[in-house]
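Take a look at the fold below.

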Amino acid sequence: QVQLVESGGGLVQPGGSLRLSCAASGNMSSIYAMGWYRQGPGKQRELVATITSGGSANYANSMKGRFTITRDNAKKSVYLQMNSPKPEDTAVYYCNAYIQTTWSAPIATYWGTGTLVTVSS
C-alpha cells in the first residue's frame, strides 16, 4: 500500500525559513509528478508547487521566488523550501504524487495526511 508521509512542519517566524519533506513508501513501479498543496483556515485547498519526474517545477504565483520545490527520485521524496514565509502562509501542507503501483496499473493520485505550518512571531 502506498503511503506519503510529510514532515518538517511547525512554528516559524515571518522572514524565517522552513523545509518540508515528503517520502513515498510501499510498492510502486513509477512516481510521476509530485507536489505540495495547502489549506489555510477557512480556505479551500490550493496548489503550492508541483515538480515532474524530470525536475521541471511549477509554482503558484504567490509562492514564486519564496518557495522552492525539489525532489530526490532515488529517495522517492519531494521537498519544499519555504523562505521568508508570511503569516498568510499558515496552513496545513499536503504532499501529492501520481504513482503507478505496477506496470499494468493505472496512474493514481495519492495524498499525505498533512503537516501544519504556522507562521507567527
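Strands here are DSSP runs of E with at least two residues, and helices are runs of H or I with at least four, numbered from the N terminus. By that count the protein has 11 strands and 0 helices. From the N terminus on, the order of elements is β-β-β-β-β-β-β-β-β-β-β. Keep in mind that this is a predicted model.

Now the overall dimensions. The C-alpha trace spans about 50 × 25 × 25 Å along its principal axes. The radius of gyration is 14 Å, which agrees with the value near 14 Å for a compact globule of 121 residues. Of the 121 residues, 38% are buried.

Next, the sheet. It is open and has 4 strands, in the order β1-β3-β8-β7, with antiparallel pairing. The edges belong to β1 (3–7) and β7, each with a single partner strand, so one side of each has no neighbour in the sheet. On average, neighbouring strands are turned by 15° against each other, direction ignored.

Walk across the sheet from β1. Antiparallel strands β1 and β3 are joined by 5 bridges. There, V5 stands opposite A23 in β3. Strand β3 (residues 17–25) then runs antiparallel to β8, and 7 bridges join the two. L20 faces L80 of β8 in this pairing.

How covered is strand β8? Mostly: 5 of the 7 residues in β8 (residues 77–83) are buried. Strands β7 and β8 also form a hairpin, with 4 residues between the strands. In that hairpin, K76 takes a positive phi near 55°.

Turn to the charges. The whole structure holds 3 salt bridges. Begin with D89 and R38, whose closest N and O atoms are 2.8 Å apart. This pair links distant parts of the chain: D89 is in the loop between β8 and β9, while R38 is in strand β4 (residues 30–39), 51 residues apart. Both D89 and R38 are buried.

R38 has another partner. The side chains of R38 and E46 meet in a salt bridge, at 2.7 Å from N to O. The two differ in cover. R38 counts as buried because its relative accessibility is 6%, and buried means under 20%. E46 is at 34%, so E46 counts as partly exposed.

D89 also forms a salt bridge with R66, and their closest N and O atoms are 2.7 Å apart. R66 lies in the loop between β6 (57–59) and β7, and D89 in the loop between β8 and β9, so this pair ties together parts that are 23 residues apart in sequence. R66 and D89 are both buried. Through shared partners, the salt bridges join R38, E46, R66 and D89 into one network.

Finally, the surface. Which residues make the nonpolar surface patch of about 270 Å²? They are Y32, Y98 and I107. I107 is found in the loop between β9 (91–100) and β10 (108–111). With a relative accessible area of 47%, I107 is partly exposed.

Technical notes:
Residues are numbered from 1 along each chain as its sequence is written. This is a predicted model: local features need pLDDT of at least 70, side-chain atom pairs count only at pLDDT 80 or more; totals for chains, interfaces and linings use all residues. Side-chain values use heavy atoms; hydrogens and water are left out. Patches are made of residues with over 30% relative accessible area and no salt bridge: like charges are joined within 9 Å, nonpolar side chains (Val, Leu, Ile, Met, Phe, Trp, Tyr) within 5 Å. Accessible areas come from the Shrake-Rupley method with a 1.4 Å probe; for residues, only the protein chains shown count as cover. A salt bridge is a side-chain nitrogen of Lys or Arg within 4 Å of a carboxyl oxygen of Asp or Glu. Buried means under 20% relative accessible area, exposed over 50%, partly exposed in between (1.4 Å probe, protein chains only). Two strands pair if DSSP finds at least two bridges between them. Axes are lines fitted to C-alpha atoms, for helices over the stretch in contact, and angles run from 0 to 180 degrees between N-to-C directions. The radius of gyration is taken over C-alpha atoms; the globule rule is 2.2 Å times the number of residues to the power 0.38.
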